[in-house]
Amino acid sequence: MADYDIAILGAGPAGLTAALYAGRSRLKVAVLERGVPGGQAATTERIENYPGFPGGISGLELAERMEKHAREFGAEFIPAEATGLEVNSGREGGFIIRHGEAGEGSSGFTSRTVIVATGTKEKALGVPGEKEFRGRGVSYCATCDGAFFREKEVAVVGGGDSAVEEALYLTKHANRVYVIHRRNQLRANKILQERAFHNDKIRFLWETVVLRIEGAEGGFVERLRLKNVRSGEESELKVDGVFIYVGQIPNTAFLKGFLALDDEGYVTTDEDLETSVKGVFAAGDVRRKKLRQVSTAVGDGALAAMSATRYLE
Ligand code: NAP
């Protein structure tokens, strides 16, 4: 007999909702999570567009509530990172979920179905200095690191929802926040744009890209080398930190060759959220989809759990 009925990989809003629904169907549910439950929502300072919370709710609080809710219906949490997924060729069928805790080699457990809800992670900018100064002025999480930049000057790279939302958050700590965007129009939603345009601490550097991140060897970020993409002119910007928000990459490296992924690595599903492998479903940001929000992740989680339940029946 398989260890579990449904193995949910990832405890973001999609995974936690799937756990809640599967638990209410009285199934044996495991949730595998390498970090803190809640996924990227947990490191979002305030979530304003999740229905039912006028005035917004802290991302961490929403994540904690979702985790508590999933546990209420019996989900078991396994603190580990999924490192592989394979068909179980044994008599009981289903799947083997491999997970490795650093240095421990490959452990695993079996499950009759799997829901992949491993989300995405921030994409690197890929410029010189980014790796060297990571943790020493280069950050991908304003909520985690913003407080280190009290009364300092920082830059945010990108023009999407994340870049503008985090730039607004950073104005609580920093004296000046430069938003460096490669075009002359933001991709972020209109309400975020309006707030940013009206915030005195935010300055936009349009049609500009970062060429290099510089600082003293072994020290902290001191300045950025920039280039205006229209004029080709190069300039220098003195900053104490740089927050990079240039998009996301799906956490699917461990699924390559097993599930069908699109060109960018997102899991492709049918309308019931089943993947190319029968019995494996995908939910949330990791899936190829048009809108990545907590509200759409939650909808995915519910549907994936229902589809997995039907498959088991
Ligand atoms: P995103 O929407 O893909 O935006 C990435 C931004 O980075 C774009 O402005 C893009 O420029 C820029 N960019 C990409 N590659 C670059 C490069 N190499 N150099 C310089 N700039 C580069 O990513 P995101 O903001 O992380 O958002 C991801 C998803 O989560 C989206 O679906 C978003 O709506 C959602 N999200 C929603 C909220 C919310 O609802 N409050 C908050 C956060 C995230 P271009 O515009 O020129 O392409």
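Helix α4 (residues 161-170) gives the largest share of the shell around the ligand, 3 residues; helices are DSSP runs of H or I with at least four residues, strands are E runs of at least two, and both are numbered from the N terminus. This is a predicted model, in which local features need pLDDT of at least 70 and side-chain atom pairs pLDDT 80 or more, while totals for chains, interfaces and linings use all residues. Residues are numbered from 1 along each chain as its sequence is written, and side-chain values use heavy atoms, without hydrogens and water.

In total, 18 residues surround the ligand, counted when a heavy atom lies within 4 Å of it. The closest are Asp161, Ser162, Glu165, Arg183 and Arg187.

The side chain of Asp161 places an N or O atom 2.6 Å from a ligand oxygen. For the side chain of Arg183 the value is 2.7 Å, and for a backbone N or O atom of Gly159 it is 3.0 Å. On its own the ligand has 920 Å² of accessible area, and the protein covers 76% of this (Shrake-Rupley method, 1.4 Å probe).

Thr120 is buried, because its relative accessible area is 9% and buried means under 20% (1.4 Å probe, protein chains only). Its side chain forms a polar contact of 2.9 Å with the side chain of Gln248; such a contact is a pair of N or O atoms within 3.5 Å, and within protein one must be able to donate a hydrogen and the other to accept it, with residues adjacent in sequence counting only if both atoms are side-chain atoms.

Technical notes. Buried < 20%, exposed > 50% of the residue type's maximum accessible area, 1.4 Å probe, protein only.
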